[in-house]
Structures are given as C-alpha cells and as structure tokens.
Amino acid sequence: HVVLVKDLSVDGQRRLAMPAPEIDSVVYADNMLAALCPSGMELRVHHEYYHFIEYRLFNDFYYREPAWLALSPPGTAYGKGFQNLGHPHPGLVSLHAACGPEEDKTEVFGWMMTPAYALRLEAWTAFDPALLAKRQRLTEVLETLAGSY
C-alpha cells in the first residue's frame, strides 16, 4: 500500500518518505522540505520500496548483509549526512548512501530503477568496480525474487 500524508516526522526528524511494515505500506509526505523534480520523486519511490524488499528478505531494515558489505572499497565509512550528491566517493552513488549499508542498497536500487538517474549510474560503473559490483548484486537479488513469484 501507499499512504499519502500531509506531514511526516520520526523522532522529531521531518521526512519525505518511510516504509511502514506494521501497516504493510510505504508512507510519503508533502512536508515542503524540498522541491523534488519528477525523477527525484520517482527515485524516492524506488528507494523506499527497496527498504521493504530488505525487510521482507531479512525481517530487518538494518540487516548488515556480509555479501553487500564486502563490495565496498576498503575504508568505506558509513554514517554521513543526507545529501543526495551524485557519486561522492568510489562505491557510493550518493552521500545519503553513506548513512549506512541499508541506505547504500536503497540508493543504488533507486538510481537503477529511475531512468533519469540510471544513465549516470551506468556511466559511473564503467570506472568504479565497487559500484558496478553493487549494481550486479542488486540485479541478482531481483532475479532471485522474480523467480520466487
């Protein structure tokens, strides 16, 4: 389900979207935080959807999948800010991806699934082997899920 709300915050932090497994939904808000272009909103939809995929696979939004963690270049540190600047470091599609491995996965998935962003991701993977490996890993996950339905 998709739930649209006027305002959304979690522990005092305003958000544009979040997964809500307790109601089997993804929640989107018009918080007037940022003017998102249509492609930016599409990316957010895919990003939140992948959080749900992770939850369904591992029953945990914060599962630290060893196979995924092994794909990042040595020295990759998670725990940075929310900015969505494209390809700030090797192995990371955005600064938001640096918040944690769960955000890393959802950002790569969002960029893969959004046509306006996918071409940039494809270009970066031509010279970023870690990012290419992450894209390939998510493709494998999707192929596995497609075969299970």
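**View 1. Crossing of helices α1 and α3 in the predicted model.** Helix α1 passes α3 in a right-handed crossing. The two helices, residues 38–58 for α1 and residues 101–113 for α3, pack at an angle of about 130°, and their axes are 8 Å apart. α1 and α3 are therefore oblique to each other.

**View 2. Residues in the contact of α1 with α3.** By class, the contact residues comprise 8 nonpolar, 5 polar and 7 charged.

**View 3. Packing of α1 with α4.** Here the angle is about 80°, with the axes 8 Å apart, so α1 and α4 are roughly perpendicular to each other. S39, G40, E42 and L43 in α1 meet P115, A116 and Y117 in α4. The residues of this contact divide into 4 nonpolar, 2 polar and 1 charged.

**View 4. The largest nonpolar core.** This core has 19 residues. Those with the most contacts inside the core are Y50, V93, V108, W111, L121, L131 and L138. At least two core residues come from each of α1, β7 (92–94), α3, α4 (115–125) and α5 (129–147). Another core, of 5 residues, lies apart from the largest one and has L8, A20, V27 and A29 among its members.

**View 5. Surroundings of V108.** With neighbours within four places in sequence left aside, V108 is in contact with W68, V93, L121, L131, K134, R135 and L138.

Notes:
Residues numbered from 1 in each chain as written. Predicted model: local features only at pLDDT ≥ 70, side-chain atom pairs only at ≥ 80, totals over all residues. Heavy atoms only, no water. Axes fitted to C-alpha atoms, helices over the stretch in contact; angles between N-to-C directions. Helix = DSSP H or I, 4+ residues; strand = E, 2+ residues; numbered from the N terminus. Parallel < 35°, antiparallel > 145°, perpendicular 65-115°, else oblique. Left-handed = near helix turned anticlockwise from the far one by under 90°. Contact = heavy atoms within 4.5 Å. Nonpolar A, V, L, I, M, F, W, Y, C, P; charged D, E, K, R; others polar. Core = buried A, V, L, I, M, F, W, Y, C linked by side-chain atoms within 4.5 Å. Buried < 20%, exposed > 50% of the residue type's maximum accessible area, 1.4 Å probe, protein only.
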